[in-house]
Amino acid sequence: MESRDRLAVDIGGTFVDSIKFDRDTGEIDVEKASTTPDRPQDGVLNAIDKVDADLSGTEAFVHGTTLGLNAFLEREGARTGIITNEGFRDVFEIGRTNVERESMYDIRYEKPELIVPRRRRIGVPGRIDADGEVSEPLDEAALREAARELVDEHDVESIAVCFLHSYRNGEHEREAGEIIRDEVPEVSLSLSSEITGEYREYERTSTAVLDAYINPIFESYVDRLDGALRDDGFDGSFFITRSGGGTLTAENATTAPVHTILSGPAGGLIGASQVGSVTDRDNLIAVDMGGTSLDTCVIEDGAPAVEYDSTLGHMPMMIPVYDIRTIGAGGGSIAWHDGEFLKVGPKSAGADPGPICYGNGGTEPTVTDAAVALGYMDPSQFLGGDMDLNQTGAVDGIREKLADPLDMSVDEASRGVFDVTLANTVGAIREITVEKGLDPRDFTMVSYGGAGPLFVPLLAREIGAKEVLIPHAPSVFSAWGMLMADVVYDMAQTSITVLDELDFAEFDEEFADLETEGAEKLGEEGFGSDERTLERFVEMRYLGQEHTVEVDANDIDDLSELGERFEERHETRYGHTMDDPPEVVHLRVRAIGENDKPAIEPREPADDPAVEPVGTREAYCFAERETIPFDVYDREQLRPGHELDGPAIIQEPTTTIVYHSDQTAEIDEYGHILISEKGSE
């Protein structure tokens, strides 16, 4: 029988989310299982079992994981070495002279410890010049000696190779790769020219080092998971989501795992973009609040914001990455005090032991415990009734750890936890909106993650967002978004030229070469010409500037039109244009192989906009600043056209939606919940 199911699994800090889509019937099954930090593949397999997936009848498995990210953050990556040009072993350490914004005025600031110390960085003779010409042959003997020294004397498990100007000509890096694989075949290898085609030696080195640092761990995990899936009968395609959108085959992901370092949050942004497209909402603020963290990103004109020069823990990454802001504000974030003030996060209770109310031995109060104490969550209905919450334990823990030491009541301390979390979160939202010239009042907030629907309506009140959209099964929405992902490859080439000096035919030819490369990669994945989309972008700046803006380069007939688009983009971003000549810096092509996706279909409307609640619950209303009755609804009973004034709580098996007395909700034609201020249009 032909395989028709598609399966997606997303690992979070507390839960593993799984979703099964039957392409024949259109039915979707969703489940959650606990994360298993010591053996992450076990949590994935448990989540797959819970959706009762027949792996022999599954055509594709899409996976999002923060394994590489966690390995870096916890400094548990591979022992890594660097091979570079002679005389340039310290490029990785010197870096740039700028200091991170949060430490700009800290006179006690010290640079973070490097993950590759100087003794594990070796330079070898050989040079390619800035024009891509070989000015000095690569010294094979020195290269072999360097590789042996790193392995024999420093126990290196992975090597990053980054030579000067390899973005122009990767010949020496490819040659070095062959020699290293021959000399020390047991180590993992990352070549900068295979990861990025852009200039800036420090940033390319840093990106290659990150790739090398997580490579052995990521490859081992994927191999174990793939083997377990195959043992259970799976013979379909295995994809990993990319940090900048789309997916890669698992095989290609293991050759450059740095592209997956933020693959988990990417799934939600793919899904939010799809929901925005279907509902004619081009400008969104996606907010994913899970058990460990809150991730937020702007989607403008239908596309999530992408960065090509992001950082991870003070290390630059020269790869496409969604411009996500992450803060330690999840349902499992621990609330604490410094003897005077209440604090929340960034430390999380995680999956083990978890919040106090989980009853797994947790002793530190969390945001989830505060939500239970404030009346938002039904202790008997958590995870659809599969798990009972210990409300008494949550209240006692808040009293002991927060309320009594700060001379507060339990209610005051619990409200304080939400107030502090709200203040922390507002800063992250303003950073990606107001500080970039965007008005949050022009945006719809898309709320998902296990804790998102409980908290984001409160956040929307604070920043003035015009509405909150809560999709179906929001707690597993990132996994659902992975089902909507296409296969994507990004090609880039540095080509620094003043626009007036650029020949359009040569410009077009350079793009055509990148498009050919992208089309070939998609062809290898089995995508025919009618299933491919090739998109062109240019990064531009004014002559003399350091930073660039991305400009859509599709469907242009001459370079003057490109210049006009650049000036429009620059004015939108910075509020002005300049008289200096524009300059092209990078050419980019995004090659997209279009997968089949679950359709978002309209639902049967309600006969009457009024709907009866299934009960009431005493809970704290932030609009009234007091505990009052909330109507309680079952989401399964809600239909398009239903209208529900707040304060109200909407329950579904894997999350709880809470909005307050100055807010109202309606169900749109697709069954999404739209929450807005009462009286707003």
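This is a predicted model: local features need pLDDT of at least 70, side-chain atom pairs count only at pLDDT 80 or more; totals for chains, interfaces and linings use all residues.
**First stop: helix H1 and its surroundings**

Begin by selecting helix H1, residues 40–50, together with helix H7, residues 201–231, and look along the place where the two pack at an angle of about 30 degrees, with their axes 10 Å apart. The crossing of H1 and H7 is right-handed. To see what makes the contact, show the side chains of Pro40, Gln41, Val44, Leu45 and Ile48 in H1, which meet Tyr221, Arg224, Leu225, Ala228 and Leu229 in H7. Sorted by kind, the residues of this contact between H1 and H7 are eight nonpolar, one polar and one charged.

Keep H1 selected and ask which of its residues are buried. Pro40, Gln41, Gly43, Val44, Leu45, Ala47 and Ile48 of H1 are buried.

**Second stop: helices H4 and H5**

Next, select helix H4, residues 140–154, and helix H5, residues 171–183, which pack at an angle of about 50 degrees while their axes lie 9 Å apart. H4 and H5 are therefore oblique to each other, and H4 passes H5 in a right-handed crossing. On the H4 side of the contact you will find Glu140, Leu143, Arg144, Ala147 and Arg148, and these meet Ala176, Ile179, Ile180, Asp182 and Glu183 on the H5 side. Colouring these residues by kind separates the contact of H4 with H5 into five nonpolar and five charged residues, with no polar ones.

Move on to helix H11, residues 391–403, and helix H12, residues 410–432, whose axes come within 9 Å and cross at roughly 80 degrees. How are H11 and H12 oriented to each other? Angles of 65 to 115 degrees count as roughly perpendicular, and H11 and H12 are therefore roughly perpendicular to each other. Their contact is made by Val395, Ile398, Arg399, Leu402 and Ala403 of H11 and by Val410, Ala413, Ser414 and Val417 of H12. Seven of the residues in this contact of H11 with H12 are nonpolar, one is polar and one is charged.

How many disulfides does a search of the whole structure find? Such a search finds zero disulfides.

**Fifth stop: backbone details**

Most residues other than glycine have a negative phi, and most peptide bonds are trans. Against that background, select aspartate 280, whose phi is positive, near 60 degrees. Aspartate 280 is found in the loop between helix H9 (263–278) and strand S13 (284–289), and at 68% relative accessibility this aspartate 280 counts as exposed. Then select aspartate 555, which has a positive phi of about 55 degrees although it is not a glycine. Aspartate 555 sits in the loop between strand S27 (549–552) and H16, where aspartate 555 is exposed, with a relative accessible area of 71%.

For the peptide bonds, select glycine 345 and proline 346, which are joined by a cis peptide bond with omega near 0 degrees. Proline 346 lies in strand S22, residues 342–348. Continue to glycine 646 and proline 647, where the peptide bond is again cis, with omega near 5 degrees. Proline 647 lies in the loop between strand S31 (643–645) and strand S32 (648–652).

**Last stop: histidine 576**

Finish by selecting histidine 576, in the loop between helix H16 (559–574) and strand S28 (582–593). Histidine 576 is partly exposed, with a relative accessible area of 36%. Leaving aside residues up to four places away in sequence, histidine 576 touches His570 and Glu571.

Methods: Residues are numbered from 1 along each chain as its sequence is written. Side-chain values use heavy atoms; hydrogens and water are left out. Axes are lines fitted to C-alpha atoms, for helices over the stretch in contact, and angles run from 0 to 180 degrees between N-to-C directions. Helices (H or I, at least four residues) and strands (E, at least two) are DSSP runs, numbered from the N terminus. Angles under 35 degrees count as roughly parallel, over 145 as roughly antiparallel, 65 to 115 as roughly perpendicular and the rest as oblique. A crossing is left-handed if the near helix is turned anticlockwise from the far one by less than a right angle, and right-handed if clockwise. Contact means heavy atoms within 4.5 Å. Ala, Val, Leu, Ile, Met, Phe, Trp, Tyr, Cys and Pro count as nonpolar, Asp, Glu, Lys and Arg as charged, and the others, Gly among them, as polar. A disulfide is a pair of cysteine sulfur atoms within 2.5 Å. Buried means under 20% relative accessible area, exposed over 50%, partly exposed in between (1.4 Å probe, protein chains only).
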